[in-house]
Amino acid sequence: MKHNILYISGWYPTRLNPTLGNFVFKHAECASNENNVRAIHICTDPDLKIPMERVTQELPFLSTVIYVSKSKCPVFGKILNYLKIIRLYLSEYKKMVSEGFLPDLVHANVVFPIGIVAWLFNRKFGVNYVITEHWTGYHPYADPRPNFFQRVIMRKVANKAKFILPVSEDLGKSMKLHRITTPMIAIPNVVDTDLYFPKNVSVESSVLKMIHISTLENIQKNITLLLSGFAKILKTHPKTELHFITDGNLMDFSEQIETLNLKNNIVNHGRQDVVGVAEILQDADFFVLTSNFENLPCVLIESVSCGVPVISTNVGGVSEIVNGENGILISPNNLDELVAAMEDMIEKCHTYDKLKMHQSAIDKFSYRAIGNQLTDIYNQCILPKSTHND
């Protein structure tokens with residue numbers, strides 16, 4: 001029997017930021033293969049001229065994004081906005097039930113602040129909840145980290161959930177350091193293995209292409225290190241290009257790019273949809289990630305699924321993806337290790353078994369694999385419908 005699962009999330013793709021929380025959307029899509037899934041996301045829109053606007057998408061599951069006008073009160077505006085959003089979530093739940101969709105379980109994404117809404121649903125309507133956590137802030141080396149108020153709320157909300165589902169084992173360990181005692185099961189991010197697959201290359205290009213995909217937030221992604229390493233590689237391998245896919249601003253690094261004379265060897269593809277990302281990634285020789293902290297980056301899973309080997313800093317849950325069969329792990333913020341790994345990868349990037357890499361992605365990160373894991377968890381949490389309160 002299919003369960004009714006309500007997805008709510010602090011991060012979700014919207015017209016304000018089409019890529020934010022796309023991994024949440026993918027998890028919901030996985031769950032929808034064996035369950036009746038609905039998603040609600042409510043956010044403020046500073047440019048909205050009316051009090052509220054509702055945008056509904058029916059496929060691959062019923063997803064509703066509600067935009068509300070943003071309070072301009074200089075002192076209490078943030079609080080007023082959040083209270084407005086909470087009240088709207090409660091009214092939307094009642095509306096959904098009145099229309100015939102009674103959630104068997106709420107699947108929240110990111111403990112703070114959306115976990116508060118899941119906790120309120122539990123108190124008011126008697127529905128259990130699980131929470132998937134994606135945020136890096138639990139790690140002692142992350143920036144930013146939760147303040148005292150956030151930590152108190154996070155513990156209360158998380159410890160009332162049936163399960164916490166961190167996207168990596170490493171994240172789960174860090175969450176436990178915050179005195180979160182709810183049972184944890186790591187459920188990784190997902191990849192569309194039908195879209196991200198190895199490309200048959202009959203003739204090797206004379207230009208070697210390394211690729212990086214991120215928001216370019218330097219505190220986390222350490223783009224300055226990536227550019228410094230690339231500059232050293234160009235001295236011995238001048239026919240090498242560094243390709244970027246990003247919704248960030250590469251111009252923030254224009255001074256370093258100019259100083260290191262990299263302009264002619266950098267290709268910026270800007271923001272791409274999933275098809276564009278797959279096509280560009282399939283054409284790359286290897287992927288490079290120089291982050292100072294991470295959880296379980298979707299881009300690494302996508303790269304492995306495409307049979308594109310990876311160089312990555314060994315941070316967060318990266319070692320749960322990258323191994324000797326698909327890439328090279330290096331220490332964070334270590335230029336010498338980065339350059340050595342790039343040199344090594346240039347020599348052997350075409351020796352990796354692309355089909356074996358793709359199959360490993362199917363086994364661990366495909367829609368079917370993650371969907372089955374989610375359904376198994378839902379089966380352990382569902383309350384009989386008779387226990388729900390109106």
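**Notebook: sheet and salt bridges**

The model is a predicted one, in which local features need pLDDT of at least 70 and side-chain atom pairs count only at pLDDT 80 or more, while totals for chains, interfaces and linings use all residues. Residues are numbered from 1 along each chain as its sequence is written, and side-chain values use heavy atoms, with hydrogens and water left out.

I then followed E1 (residues 4-9) and E2 (residues 36-45), which run parallel and are joined by five bridges; strands (E, at least two residues) and helices (H or I, at least four) are DSSP runs numbered from the N terminus, and two strands pair if DSSP finds at least two bridges between them.

I traced the open sheet of seven strands in the order E3-E4-E2-E1-E5-E6-E7, with mixed pairing. Strand E3 (52-57) and strand E7 (163-166) each have a single partner strand, so one side of each is left without a neighbour in the sheet.

I next searched the whole structure for salt bridges and noted 10, each being a side-chain nitrogen of Lys or Arg within 4 Å of a carboxyl oxygen of Asp or Glu. Arg54 and Glu92 meet in one, at 2.8 Å from N to O; Arg54 lies in strand E3 and Glu92 in helix H2, so the pair ties together parts 38 residues apart in sequence. I recorded Arg54 as partly exposed at 35% relative accessibility and Glu92 as buried at 7% (buried is under 20% relative accessible area, exposed over 50%, partly exposed in between, with a 1.4 Å probe and protein chains only).
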